[in-house]
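Work through the exercises below with the model open beside you. Try each task before you read its solution.

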Amino acid sequence: MKIRNHYTTCVEIGSSKTCAFIAEKDPETGNPKIKGYGAVETKGLKKGVVVNIEELSHTISQAVNAAETMADTSVSSCYCLLYT
């Protein structure tokens, strides 16, 4: 039986850039190992306030898509952090 890899995904939404990281727990050390990441300029957010939800949604999608491509996997859920 093939054991499925379990990934943890985190999206950080900052005032200037949005980053997405996909990590996997290293079985030897127990530490997270980055499998993919994506970073794009944040749009739709101004001084911590959402001014355009469509632009912000597109920004998050771009960052996650880049991380998914690098990690060769797809994301169904994630942890989100908002920094302003």
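**Exercise 1: A loop residue**

Aspartate 72 lies in the loop between H1 and strand S6 (79–82). Helices (H or I, at least four residues) and strands (E, at least two) are DSSP runs, numbered from the N terminus. This is a predicted model, in which local features need pLDDT of at least 70, side-chain atom pairs count only at pLDDT 80 or more, and totals for chains, interfaces and linings use all residues. Residues are numbered from 1 along each chain as its sequence is written, and side-chain values use heavy atoms, with hydrogens and water left out.

Task: is aspartate 72 buried or exposed?

Solution. Start with the cut-offs: buried is under 20% relative accessible area, exposed is over 50%, and partly exposed is in between (1.4 Å probe, protein chains only). Aspartate 72 has a relative accessible area of 71%, so it is exposed. Now check the backbone. Aspartate 72 is not a glycine, yet its phi is positive, about 55°.

**Exercise 2: Another positive phi**

Task: where does lysine 47 sit, and what is its phi?

Solution. Lysine 47 is in the loop between strand S4 (45–46) and strand S5 (49–50). Next, read the backbone angle. Phi is positive at lysine 47, about 50°, although the residue is not a glycine. Last, take the accessibility. Lysine 47 reaches 77% and therefore counts as exposed.

**Exercise 3: The fold in outline**

Task: in what order do the elements of the chain run?

Solution. Count first: the chain has one helix and six strands. Then read from the N terminus: β-β-β-β-β-α-β. The C-alpha trace spans about 50 × 20 × 15 Å along its principal axes. Of the 84 residues, 27% count as buried. Finish with contacts (heavy atoms within 4.5 Å). Among those with a separation of 6 or more, 48% join residues 24 or more positions apart.

**Exercise 4: The salt bridge**

Task: which residue forms a salt bridge with lysine 35?

Solution. Apply the criterion: a side-chain nitrogen of Lys or Arg within 4 Å of a carboxyl oxygen of Asp or Glu. Lysine 35 pairs with glutamate 24, and the closest N and O atoms are 3.5 Å apart. The pair links distant parts of the chain: lysine 35 is in strand S3 (residues 32–41), glutamate 24 in strand S2 (residues 17–25), and they are 11 residues apart. Side chains of opposite charge can pair when their charged atoms come close. Now compare cover. Glutamate 24 is buried at 17% relative accessible area, whereas lysine 35 is partly exposed at 29%.
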